[in-house]
Amino acid sequence: MAQNRDQELLWTQRHVLTYMEDAVSQLLENREDISQYGIARFFTEYFNSVRQGTHILFREFSFVQATPHNRASFLRTFWRCFRTVGKNGDLLTAQEYHCLLQLLCPDFPMELTQKAARIVLMDDAMDCLMSFSDFLFAFQIQFYYSEFLESVAAIYQDLLAGKNPNTVIVPTSSSGQHRQRQPPNDCNPLEGVEASLFYQCLESLCDRSKYSCPPSALVKEMLSGVQRMTFYGFLMALAKDQGINRALGALPDKGDLFLDPAMDQELEKLVAQVSGLSVSGPASSSADTANMPVRNSPRINSPWRPLHHRRKMDAESEGSNEETDSSEN
């Protein structure tokens, strides 16, 4: 994992301008609040959060997907926050997983969630239940290698049509505007494209693409054992390949997916603190408390949310109607 973190830091250095622009933007938008504790402290805390991977929490999707480090940080955070779903053996639909994603990134696009679900389900049955581990590893491939998979889909379609792609199709948009991908025709599992020719096209794509691609050697190993490959068969193989998972470095091996000692220790400390605060009083005071009118607790914003986002959320909460308030309760 340490080597993968070093690779992430190298990617971060290549995108340092992205972080500098974001830091300066937040500084200017919140200069009155930041002036209370100093600009130097603000930059220190900002880049510490980038290093720790917490900088993507509650941020807009355009920022979450802006760099490979951001994507890996989001994947790691999603796993750490919701691994108990898999630990408890719960099965969720694509819509329910999307709701979890939106807890971390409010404007996360449903399209990406649906594409990840199709890797698991192999069809459009979006209401089917999926295990946490199946969805997580499929989502990792779809989210981290999104632009790569768009090009793979186009190459696969050309090969199905009998064409031999001479040029690599690389998506030009990196602003979060994801195109609708037409699912290739994989109805018959015996069909597909010739694996060796498919790999030649993918190798050329990986060599020329400016976006993140899985290691060519692992892709070659994956395709060398079969004669033909379907598009969704390829995506599922990517999702299940532990070598690709280790190379990406965001998630642990599948066998260790529900182990996170550091997070468990933090949760134990939090439970202990809550238990210490919830000391029962005398029975009479408890009865009096039960008869007191119920008051709605004020909304408490997360300390990790960017300052400008807090202001936006506060403004929205002040302008909300009674129906919204009742739904929140």
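The legends below describe close-up views of a predicted model. Local features need pLDDT of at least 70 and side-chain atom pairs count only at pLDDT 80 or more, while totals for chains, interfaces and linings use all residues. Residues are numbered from 1 along each chain as its sequence is written, and side-chain values use heavy atoms, with hydrogens and water left out.

**View 1. Packing of helix α11 against helix α12.** Helix α11 (residues 195-208) and helix α12 (residues 216-224) pack at an angle of about 170°, their axes lying 10 Å apart; helices are DSSP runs (H or I, at least four residues) numbered from the N terminus, and axes are lines fitted to C-alpha atoms over the stretch in contact, with angles running from 0 to 180 degrees between N-to-C directions. That angle makes α11 roughly antiparallel to α12 (over 145 degrees). On the α11 side the contact (heavy atoms within 4.5 Å) is made by A195, F198, Y199, L202 and C206, and on the α12 side by S216, V219, K220 and L223.

View 2. The structure holds 22 aromatic pairs, a pair being rings of Phe, Tyr and Trp (its six-membered ring) whose centres lie within 6.5 Å. Y97 and F135 form a stacked pair (planes under 30 degrees apart), with 4.3 Å from centre to centre and 5° between the planes. This pair links distant parts of the chain, since Y97 belongs to helix α7 (residues 94-104) and F135 to helix α9 (residues 132-144), 38 residues apart. Y97 counts as buried at 0% relative accessibility (under 20% relative accessible area, with a 1.4 Å probe and protein chains only), and F135 is likewise buried, with a relative accessible area of 0%.

**View 3. The aromatic pair of Y156 and F198.** Y156 and F198 form an edge-to-face pair (planes over 60 degrees apart), with 6.0 Å from centre to centre and 70° between the planes. Y156 in helix α10 (residues 146-160) and F198 in helix α11 are 42 residues apart, so that the pair links distant parts of the chain. Both Y156 and F198 are buried.

**View 4. Surroundings of R83.** R83 is found in helix α6 (residues 68-87) and, at 2% relative accessibility, counts as buried. Leaving aside neighbours within four places in sequence, R83 is in contact with F132, L257, F258, L259, D260, M263 and D264. The C-alpha atoms of R83 and L136, which are 53 residues apart along the chain, are separated by 9.5 Å.

Methods
Helices (H or I, at least four residues) and strands (E, at least two) are DSSP runs, numbered from the N terminus. Angles under 35 degrees count as roughly parallel, over 145 as roughly antiparallel, 65 to 115 as roughly perpendicular and the rest as oblique. Buried means under 20% relative accessible area, exposed over 50%, partly exposed in between (1.4 Å probe, protein chains only).
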